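User: I'd like to learn how to read a fold like this one. Can you walk me through a few features?

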Amino acid sequence: MGKSGAGEHRQNVMLSVSDCLRMLVCHIGKPEQEREFQLWSHWNIVMGSELSQMAFPLGRKNAVLIVGGEDGIAMQELSFRIPEILQRANAFMDSAVFQKVELRLMRGKRPLNKAVDDITVPGNPLMMQCPKDIGRYLDTMDPDSPVAKSYRAYLESFGISAKSRS
């Protein structure tokens with residue numbers, strides 16, 4: 001007879017961060033937050049291609065839907081389309097969840113409809129220069145010590161062979 005428990009039905013499946021967050025919100029038991037998450041995920045479909053190119057979801061504060069625009073021209077256009085944005089968002093939510101739309105400039109903020117997985121991380125600007133005398137202490141260390149193993153990994157991070165030097 002096997003053990004019974006939660007681990008019995010585990011699957012080794014890779015999930016995106018956005019999928020994990022959705023599952024977490026569902027598990028917490030707040031269906032309105034799940035629906036809100038679905039709004040962010042389906043923003044482009046809900047708003048349509050034209051509107052979704054200039055209106056980006058930034059969040060919610062109570063009954064206020066916060067929408068971002070890239071520049072002043074987009075903000076002006078969005079100000080005329082606030083009733084449409086409000087109507088589309090509430091229609092997707094199946095009730096009048098939002099009472100007002102607040103417009104903000106993006107200023108580099110990440111919109112909620114852009115998955116975390118889609119964000120590209122530039123090269124590390126703090127990447128260290130390879131020190132001049134790197135590796136000179138390796139021969140003085142016990143090769144099996146944790147410090148020597150860490151030092152070898154450090155050397156390999158610079159592309160230097162971590163074998164003992166003579």
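User: Which strand is Gly-69 found in?

Analyst: This is a predicted model, and in it Gly-69 belongs to strand E2, residues 64–69.

User: Is Gly-69 buried or exposed?

Analyst: Buried means under 20% relative accessible area. Gly-69 has 0% relative accessibility, so it counts as buried.

User: What does Gly-69 touch?

Analyst: Leaving out residues up to four places away in sequence, Gly-69 touches Met-54, Met-75, Leu-78, Arg-104, Leu-105 and Met-106.

User: How do I read the sheet around E2?

Analyst: In general, strands of a sheet pair through backbone hydrogen bonds, either parallel or antiparallel. Here, an open sheet of 3 strands has the order E1-E2-E3, with mixed pairing. Strands E1 (56–61) and E3 (100–105) are the edges, each pairing on one side only. On average, neighbouring strands are turned by 30 degrees against each other, ignoring direction.

User: How many bridges join E1 to E2?

Analyst: There are 5, and the two strands run antiparallel. Arg-60, for one, stands opposite Leu-65 in E2.

User: Which helix packs on the sheet?

Analyst: That's H5: it touches E2 and E3, and its direction makes about 115 degrees with that of E3.

User: And which residues touch the most other members in the largest nonpolar core?

Analyst: Leu-39, Trp-43, Leu-65, Ile-85 and Phe-98, out of 20 residues in that core. H5 (82–93) is one of the elements giving two or more residues, and its 5 residues are the largest share. Take Ile-85: beyond its neighbours within four places in sequence, its contacts include Trp-43, Leu-65, Val-67 and Val-101.

Conventions
Residues are numbered from 1 along each chain as its sequence is written. This is a predicted model: local features need pLDDT of at least 70, side-chain atom pairs count only at pLDDT 80 or more; totals for chains, interfaces and linings use all residues. Side-chain values use heavy atoms; hydrogens and water are left out. Helices (H or I, at least four residues) and strands (E, at least two) are DSSP runs, numbered from the N terminus. Buried means under 20% relative accessible area, exposed over 50%, partly exposed in between (1.4 Å probe, protein chains only). Contact means heavy atoms within 4.5 Å. A nonpolar core is a set of buried Ala, Val, Leu, Ile, Met, Phe, Trp, Tyr and Cys residues joined through side-chain atoms within 4.5 Å. Two strands pair if DSSP finds at least two bridges between them. Axes are lines fitted to C-alpha atoms, for helices over the stretch in contact, and angles run from 0 to 180 degrees between N-to-C directions.
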